Amino acid sequence: WLYLPTGASGPVFDFGQNVSSRLYASVSPASGFSAGVAAGGMRGGTEPAPVAVNQWVHVTVVFDPPNGRLATYLNGARAGQAAAAGMAVAQVVGQASADANRLFLGRSQDDGATTLQGRLRDVRVYRVALTGAQVASIYGAASGRQGEGRRSDRRTPSPGWANCACS
């Protein structure tokens, strides 16, 4: 879940070995929410999607190398998709040593980049790529636990669900 105050922006997460090998997402009211992947000299990224400010939004990024795709979801619905052909998880996340990998929340692998001027809650990393139906189901289940009626009426996130899914 992401809460973006008016005028705030920054990296949502950055997961990988360095600025050349990583999976990342960023957000701003002007350009929206988007994700990107860099590996083996290749880069790919989703088109930015508008994101609501001053309310909690369920954000999901799915990196699916076997199917050559990177996708973003907002509140359970697909917001963007990009080709990620030829990129493997092993290129983004080092397999030799866990010490070679870094996961930043609200910060970038680039030490000179700004930090997120918003709030994150209930971040999850999955070891498999979620399908669109699974993302929608997770969002629906999280919304239902709040007991506040329809998803559009939500003010705060329920426990347990924001996703960065990698296969």
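A: Happy to! Let's begin with a term: a residue counts as buried when its relative accessible area is under 20%. Keep in mind, too, that this is a predicted model.

Q: Is Trp56 buried or exposed, then?

A: The relative accessible area of Trp56 is 12%, so Trp56 is buried. Tyr3 has a relative accessible area of 16%, so Tyr3 is buried as well.

Q: How do I describe a pair of aromatic rings?

A: In one of them, Trp1 and Tyr139 are 6.0 Å centre to centre with 45° between the planes, a tilted pair. Trp1 sits in the segment before β1 and Tyr139 in helix α2 (residues 132–146), so to read this pair you look at parts of the chain 138 residues apart. Both of these residues, Trp1 and Tyr139, are buried.

Q: Why is the pair of Tyr3 and Trp56 called tilted?

A: Planes under 30 degrees apart would count as stacked and over 60 as edge-to-face, with the rest tilted. The planes of Tyr3 and Trp56 are at 55°, so this pair is tilted; the ring centres are 5.5 Å apart.

Q: What lies over the face of Tyr3?

A: That is Arg119, at 4.3 Å from the ring centre. Another example is Arg107, which lies over the face of Phe104 at 4.2 Å from the ring centre.

Q: How do strands of a sheet pair?

A: They pair through backbone hydrogen bonds, and the pairing is either parallel or antiparallel. Here, an open sheet of three strands runs in the order β6-β1-β11, with antiparallel pairing. Its edge strands, β6 (56–57) and β11 (119–120), each pair on one side only. Strand β1 (residues 2–3) is joined to β6 by two bridges, and Leu2 has Val57 as its bridge partner in β6.

Q: Which residues have the most contacts inside the largest nonpolar core?

A: They are Leu23, Val27, Phe33, Val37, Val61, Phe63 and Leu70, in a core of 26 residues. Strands β2, β3, β4, β7 and β8 each supply at least two residues of this core, and β4 gives the most, with four. There is also a second, separate core of eight residues, which includes Tyr73, Tyr126, Ala129 and Val135.

Note on methods: Residues are numbered from 1 along each chain as its sequence is written. This is a predicted model: local features need pLDDT of at least 70, side-chain atom pairs count only at pLDDT 80 or more; totals for chains, interfaces and linings use all residues. Side-chain values use heavy atoms; hydrogens and water are left out. Two strands pair if DSSP finds at least two bridges between them. A nonpolar core is a set of buried Ala, Val, Leu, Ile, Met, Phe, Trp, Tyr and Cys residues joined through side-chain atoms within 4.5 Å. Buried means under 20% relative accessible area, exposed over 50%, partly exposed in between (1.4 Å probe, protein chains only). Rings of Phe, Tyr and Trp (its six-membered ring) pair if their centres lie within 6.5 Å; planes under 30 degrees apart count as stacked, over 60 as edge-to-face and the rest as tilted. A charge sits over a ring if NZ of Lys or CZ of Arg is within 6 Å of the ring centre and within 35 degrees of the ring normal.
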